[in-house]
Amino acid sequence: MNALRTAVADGVTITRRNVLKIRRAPDLLGGVITLPIVIVLLFAYVFGSMIELPGMSYAEYLIPGIFVQSIVMSGQITGYTLTQDLQKGVFDRFRTLPMAPSAVLVGQTVGDIVMNVTSIATMALMGLVVGWRVHTAPHEAALGFLLLLLFAYAFSWVTATVALALRKPEVFNNIVTTVTMPLVFLSNAYVDTTRLPGPLQAVAEWNPVSVVIQAVRELFGNTSAAMPAPEAWPLRHAVPAAVLWSLLLLVVFAPLATRLYGRAVSR
Amino acid sequence: MPPAITAEGLVKKYGDVVALDGMDLSVPEGTVFGLLGPNGAGKTTTARILTTLLKPDAGRATVAGFDVVTDAPRLRARIGASGQYAAVDDHLTGAENLEMVGRLYHLGTRRSRQRARELLERFDLTGAADRPVQGYSGGMRRRLDLAGALVADPPVLFLDEPTTGLDPRARAGLWDVISELVAGGTTVLLTTQYLEEADRLADTIAVVDHGRVIALGTADELKDDLGGDRVEVAVTGAADLEAVRRALAPLAAGEMRVDAAALRLTVPVADGAASLTAALGRLAAEGVTVRDAGLRRPTLDEVFLSLTGNRAAEPAEPAEIEEYSR
């Protein structure tokens with residue numbers, strides 16, 4: 001078998017393992033389904049009743065932000081699962097097998113797409129319940145969902161890298177929560193970035209989370225002409241910028257995670 | 001026939017701590033080689049280098065003719081490894097675990113499935129084959145982990161403390177399984193801290209301490225090195241100990257050992273059973289009452305302690321500390 005075919009076959013084997021694990025671990029999948037439901041309801045009704053936006057309902061503005069927030073949160077599962085496998089010696093077994101070294105991380109991240117699809121579908125349904133609508137052509141909406149999945153996949157590699165660097169599940173959880181909270185809240189997920197003070201505004205406008213949110217708002221038609229238009233470059237070209245951000249994360253973190261995986265037990 | 005496993009001058013350092021300090025090994029094909037040593041002696045580090053999980057800082061090693069560093073991918077196709085932490089997936093069933101390993105050895109789907117069933121039957125896990133591993137007992141998990149190491153029928157098998165943490169019954173069960181394997185001609189490198197395990201399973205034992213081999217031989221040879229038979233006498237009162245010592249002094253072929261707390265006295269003797277008869281005669285003539293008397297060989301425990309000293313208080317090697325804290 002040549003190297004590429006081996007890599008693909010092994011990747012498929014590990015992906016199948018991870019999908020089986022997701023199906024059998026109701027706690028993981030439960031978190032991915034119930035948390036978005038709770039968040040959509042809380043934000044739509046608590047904030048939605050207080051925040052007035054010119055020309056559109058808060059639910060319409062909010063749901064794309066919640067999509068991306070959930071992606072950032074369920075992306076942590078990728079890293080968490082890796083730290084657990086590391087702890088249990090599963091990787092030791094894998095690394096004594098004649099398999100492609102790339103397969104473990106590829107299988108993990110690809111398997112986690114299942115989780116993200118479930119989470120995004122749940123949120124879309126909840127969004128429809130609280131008044132979120134798609135106003136664009138089907139192909140644009142489809143592109144919106146694809147963009148969400150691309151960003152989710154890229155973000156999985158980020159958490160994988162952090163996990164393999166930190167190695168311990170508890171440490172990973174602490175650090176990753178500390179990092180992702182500002183990532184989500186220093187964005188346009190809940191508030192209009194033009195109202196943030198100067199330096200914070202710059203951070204929020206270049207934040208990949210903001211860029212992806214702006215892109216899917218445009219692709220789903222959840223924008224209003226009455227809202228102040230963002231001036232920062234990434235937000236004015238949100239769709240290509242979101243794709244670029246996702247690819248950049250992949251290009252940086254996929255090789256980094258792969259290298260860390262090689263070293264994870266070699267010490 | 002070339003040896004199945006060789007190691008020459010392996011060195012591995014963790015910062016200032018030297019885990020391996022010139023480890024040499026040679027394991028003939030079809031034999032069981034036991035690496036015996038206290039925690040931190042370098043057993044696990046050796047096993048991890050030989051299974052390609054670690055790279056040595058110096059020295060070289062081969063397994064099944066392949067170099068552990070330069071030929072790692074081909075080497076991996078020829079070995080099976082089972083560790084002290086049963087590396088099985090909790091959410092997968094026993095059958096799914098083994099099928100996955102088969103696919104990763106590139107046996108193909110059908111062969112992987114067939115092999116999984118064979119091994120589940122052989123390891124007495126057929127009843128639990130389609131249950132998630134989560135519900136398995138410790139012994140069942142170890143058996144499954146060991147089965148995983150056998151999926152590709154590898155000529156060389158590494159068992160790193162295969163029974164650590166198991167209850168005595170599960171341990172005995174696993175020993176039976178390993179004995180059968182060996183009868184089939186597989187070369188096995190076994191690391192253990194249980195002397196009984198090495199005594200029972202290994203053809204050759206290497207006693208390891210401070211990262212190198214300090215004694216090598218069969219269990220019998222190691223015991224002979226420590227001296228031959230000994231007569232052991234237990235008495236009922238402390239006052240009798242001195243009487244026994246005086247009575248048996250002429251028979252002693254070496255230094256007598258008196259364990260006052262256990263009311264027990266050990267005398268190295270030269271003539272085996274004849275010495276025991278002589279000892280009992282002398283004790284009867286002196287009128288000393290004994291609680292128990294017998295002839296025995298040195299145990300591997302005694303060999304081990306005399307070779308390594310009491311090292312219980314010393315720190316474990318970093319790899320092991322790391323593992324314990326995980």
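**Exercise 1.** How many residues does the contact take from chain A, and how many from chain B?

*Solution.* Start with the model: it is predicted, so local features need pLDDT of at least 70, side-chain atom pairs count only at pLDDT 80 or more, and totals for chains, interfaces and linings use all residues. Residues are numbered from 1 along each chain as its sequence is written, and chains are lettered from A in the order in which they are written. Two residues are in contact if their C-beta atoms, placed from the backbone, lie within 7 Å. The contact takes 22 residues from chain A and 26 residues from chain B. On the chain A side, H1, helix H3 (58-88) and helix H4 (90-95) each supply at least two residues. H1(A) gives the largest share, seven residues.

**Exercise 2.** Check the span of helix H1 (residues 3-24) of chain A, then find what covers its buried residues.

*Solution.* Helices are DSSP runs of H or I, at least four residues; strands are E runs, at least two. The expected span is 1.5 Å times one less than the number of residues. For the 22 residues of H1(A) that gives 32 Å, and the end C-alpha atoms are 32 Å apart, which agrees. A residue is buried if 20 or more other C-beta atoms lie within 10 Å of its own, with C-beta atoms placed from the backbone. Buried residues of H1(A) include Asp10(A), Arg17(A) and Ile22(A). Their cover includes helices H2 (26-47) and H5 (103-130) of chain A and helix H3 (94-104) of chain B.

**Exercise 3.** Which strands pair with strand S3 (residues 32-36) of chain B?

*Solution.* Pairing needs at least two DSSP bridges. S8(B), residues 187-192, pairs in the parallel sense over five bridges. There, Leu36(B) has Thr192(B) as its bridge partner. S9(B), residues 204-209, is joined to S3(B) by four bridges, also parallel.

Notes
Buried ≥ 20, exposed ≤ 12 C-beta atoms within 10 Å, placed from the backbone.
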